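Here are some notes for your read-through. Keep the structure open beside them.

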Amino acid sequence: MEIKKAIFKQSASSIFGCPKPTLQEYAFIGRSNVGKSSLINMLCNNNKLAKVSATPGKTQLINHFTINDSWFLVDLPGYGFAKTSKDNRSKFETIIYDYCKKRETLVVLFVLIDSRLPLQKIDFEFMSWCGENEIPFSIIYTKADKNSKSELAKNIKNIETELLKEWEEMPNTFITSAEKKGGKEDVLDFIEFQINENRSPRETRKDAADEEE
Ligand code: GTP
Ligand code: MG
């Protein structure tokens, strides 16, 4: 899939301010500064779409973008950044957790992980929470350009070895670089596949829950 049209729809400070759930939705989340906004801009061929910053905590709202008039892409606030007060942090976490659990049109949550770091406790805890709450997620490794290919492969293997100590299998994973536009097609083709699979956005997560009953 090629993104031909990406239009900012609206920002919301809670799930109640989100657009009407009329389209399928694909959201991006991860630790602050992991590269969410950069990745979104890369996917959309638009460097001005989502705000990128070297200062963690830039994205503080739920931002919806309408893509190709047919689905929503969502930029979520980062979790676990150190420089905000505890009160603020819990406010963001409430926004994130509420959105992930309750947004019925959310098809896949992409959890971004920095490809240069060992598995971070907070990422592990967040993904485990997703598992417990049956939130479908995939992993996107970011900033792949910052390491050599062999270091990258070694680091990802270490992360996955750690995860598989706790999990039976890995979710879908993607390796990306916003800087070098790496992994773009893999992510977009995966979204396209999901869009075609899930005909009725409103039913998406309800269907899955019903099947399990
Ligand atoms: P918050 O909105 O604060 O939660 O951050 P974010 O996750 O949206 O990160 P953002 O996209 O703002 O990027 C953070 C920093 O990492 C910026 O300085 C980016 O230029 C840099 N960065 C992001 N992606 C890449 C990448 O693929 N390669 C390299 N080399 N740098 C990147
Ligand atoms: Mg951001």
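1. A residue counts as buried under 20% relative accessible area, as exposed over 50%, and as partly exposed in between. Phe124 has a relative accessible area of 21%, so Phe124 is partly exposed. Bear in mind throughout that this is a predicted model.

2. Now the partner of Phe124. Phe124 and Trp167 form a stacked aromatic pair, with 6.3 Å centre to centre and 25° between the planes. Phe124 belongs to helix H3 (residues 121-132). Trp167 sits in the loop between helix H4 (149-166) and E7. The pair therefore links distant parts of the chain, 43 residues apart. Trp167 has a relative accessibility of 16%, so Trp167 counts as buried.

3. How many aromatic pairs does the structure hold? There are eleven. One of them joins Phe110 and Phe174. This pair is edge-to-face, at 6.2 Å centre to centre and 70° between the planes. Phe110 lies in strand E5 and Phe174 in strand E7 (residues 173-175), so the pair ties together parts 64 residues apart in sequence. Phe110 and Phe174 are both buried. They also belong to one aromatic cluster, together with Phe28 and Phe190.

4. Look next at helix H1. Is this helix enclosed or open? Eight of its nine residues are buried, so H1 is largely enclosed by the rest of the structure. The buried residues are Lys36, Ser37, Leu39, Ile40, Asn41, Met42, Leu43 and Cys44. Note that Lys36 is in this list. Cys44 has a relative accessibility of 5%. Just after H1, Asn45 takes a positive phi of about 55°.

5. Arg31 deserves a look. Arg31 lies in the loop between strand E2 (24-30) and helix H1 (36-44). Is Arg31 buried or exposed? Its relative accessible area is 17%, so Arg31 is buried. Which residues does Arg31 contact, leaving aside neighbours within four places in sequence? They are Lys36, Gly78, Tyr79, Leu112, Asp114, Leu117, Gln120, Ile122 and Asp123. Two of these, Asp114 and Asp123, are aspartates.

6. Thr105 is another loop residue, placed between helix H2 (86-102) and strand E5 (106-114). Thr105 is buried, with a relative accessible area of 0%. Where does the chain come back to Thr105? Pro21 is 84 residues away along the chain, yet the C-alpha atoms of Thr105 and Pro21 are separated by 6.0 Å.

7. Then the cysteines. How many disulfides are there? The count comes to zero. A disulfide needs two cysteine sulfur atoms within 2.5 Å. The closest cysteine sulfur to that of Cys100 is in Cys130, at 5.8 Å, so the two are too far apart for a bond. Cys100 is buried, at 0% relative accessibility.

8. Last, Asn133 and Cys100. Asn133 lies in the loop between H3 and strand E6 (137-142). Its relative accessibility is 24%, so Asn133 counts as partly exposed. In sequence, Asn133 and Cys100 are 33 residues apart. In space, their C-alpha atoms are 9.1 Å apart.

How values were computed
Residues are numbered from 1 along each chain as its sequence is written. Chains are lettered from A and ligands numbered from 1 in the order in which they are written. This is a predicted model: local features need pLDDT of at least 70, side-chain atom pairs count only at pLDDT 80 or more; totals for chains, interfaces and linings use all residues. Side-chain values use heavy atoms; hydrogens and water are left out. Helices (H or I, at least four residues) and strands (E, at least two) are DSSP runs, numbered from the N terminus. Buried means under 20% relative accessible area, exposed over 50%, partly exposed in between (1.4 Å probe, protein chains only). Contact means heavy atoms within 4.5 Å. Rings of Phe, Tyr and Trp (its six-membered ring) pair if their centres lie within 6.5 Å; planes under 30 degrees apart count as stacked, over 60 as edge-to-face and the rest as tilted.
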